[in-house]
Amino acid sequence: IALGLLHELPRYRPNVQVLLADFDWFPEEPPNLQANAPPRKSLLAQEEPLIKAMDDFDYECYLSAPLLSDILFPTNFLRMKEFLKRSWGDFDRDIKVRKQAEFLIHYGPEQVDQTESWLTGYSPMIHDYSNTTVLTATLPSSEQ
């Protein structure tokens with residue numbers, strides 16, 4: 001449904017601009033794996049989802065997770081960019097893929113500076129969420 005919406009969007013809204021942000025990878029091992037988690041019931045696969053349950057634990061496999069769990073897949077933003085280029089061929093857009101830190105430094109350097117520690121220079125906006133990417137599809141004249 002989401003890809004269908006993105007495919008049709010410029011046809012109905014020719015001046016549309018898009019900003020999408022999501023995780024582009026997850027840790028190899030679930031970060032909060034329950035000590036007595038049920039054994040894996042599926043084969044290990046590349047780019048496997050992260051299974052987060054309502055009990056604040058992660059699970060290796062959706063088949064052994066509780067019924068009320070979130071199944072999180074990483075987003076392949078380079079494929080998403082290619083999809084948008086093909087889908088929106090007649091609608092000229094500047095489509096860029098940036099890591100979150102690069103995006104925030106580009107569009108909000110003053111806000112990033114306000115979050116930096118004066119002792120260490122650490123900024124949660126820049127140094128946390130290194131697995132987050134942002135895709136922007138803008139009209140060519142609107143990009144800075």
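For my notes on touching residues, contact means heavy atoms within 4.5 Å. I also kept in mind that this is a predicted model.

Entry 1: I began at T75, which lies in the loop between β4 (69–72) and α2. Is T75 buried or exposed? Its relative accessibility is 18%, and buried means under 20%, so T75 counts as buried. Leaving out residues up to four places away in sequence, I found T75 touching D22, F23, D24 and M80. With D22 there is also a polar contact of 2.8 Å between the side chains.

**Entry 2: the start of α2.** Next I looked at N76, where a side-chain oxygen reaches to within 3.3 Å of the backbone nitrogen of L78.

**Entry 3: the two sides of α2.** Which residues of helix α2 (residues 77–87) are buried? I listed F77, M80, F83, L84 and S87. They span an arc of only 110 degrees around the axis, so they sit on the same side of α2. On the other side I noted L78, R79 and R86 as exposed. I then checked what the buried residues of α2 pack against, and found α1 (2–12), β1 (18–23), β5 (94–99) and β6 (132–138).

**Entry 4: α1 against α2.** I finished with the helix pair. The axes of α1 and α2 are 9 Å apart and the packing angle is about 40 degrees, and the two helices are therefore oblique to each other. Their crossing is right-handed. From α1, the contact uses L3, L6 and H7, and from α2 it uses M80, F83, L84 and S87.

Technical notes: Residues are numbered from 1 along each chain as its sequence is written. This is a predicted model: local features need pLDDT of at least 70, side-chain atom pairs count only at pLDDT 80 or more; totals for chains, interfaces and linings use all residues. Side-chain values use heavy atoms; hydrogens and water are left out. Buried means under 20% relative accessible area, exposed over 50%, partly exposed in between (1.4 Å probe, protein chains only). Helices (H or I, at least four residues) and strands (E, at least two) are DSSP runs, numbered from the N terminus. The arc is that of the directions from the helix axis to the C-beta atoms. A polar contact is a pair of N or O atoms within 3.5 Å; within protein, one must be able to donate a hydrogen and the other to accept it, and residues adjacent in sequence count only if both atoms are side-chain atoms. Axes are lines fitted to C-alpha atoms, for helices over the stretch in contact, and angles run from 0 to 180 degrees between N-to-C directions. Angles under 35 degrees count as roughly parallel, over 145 as roughly antiparallel, 65 to 115 as roughly perpendicular and the rest as oblique. A crossing is left-handed if the near helix is turned anticlockwise from the far one by less than a right angle, and right-handed if clockwise.
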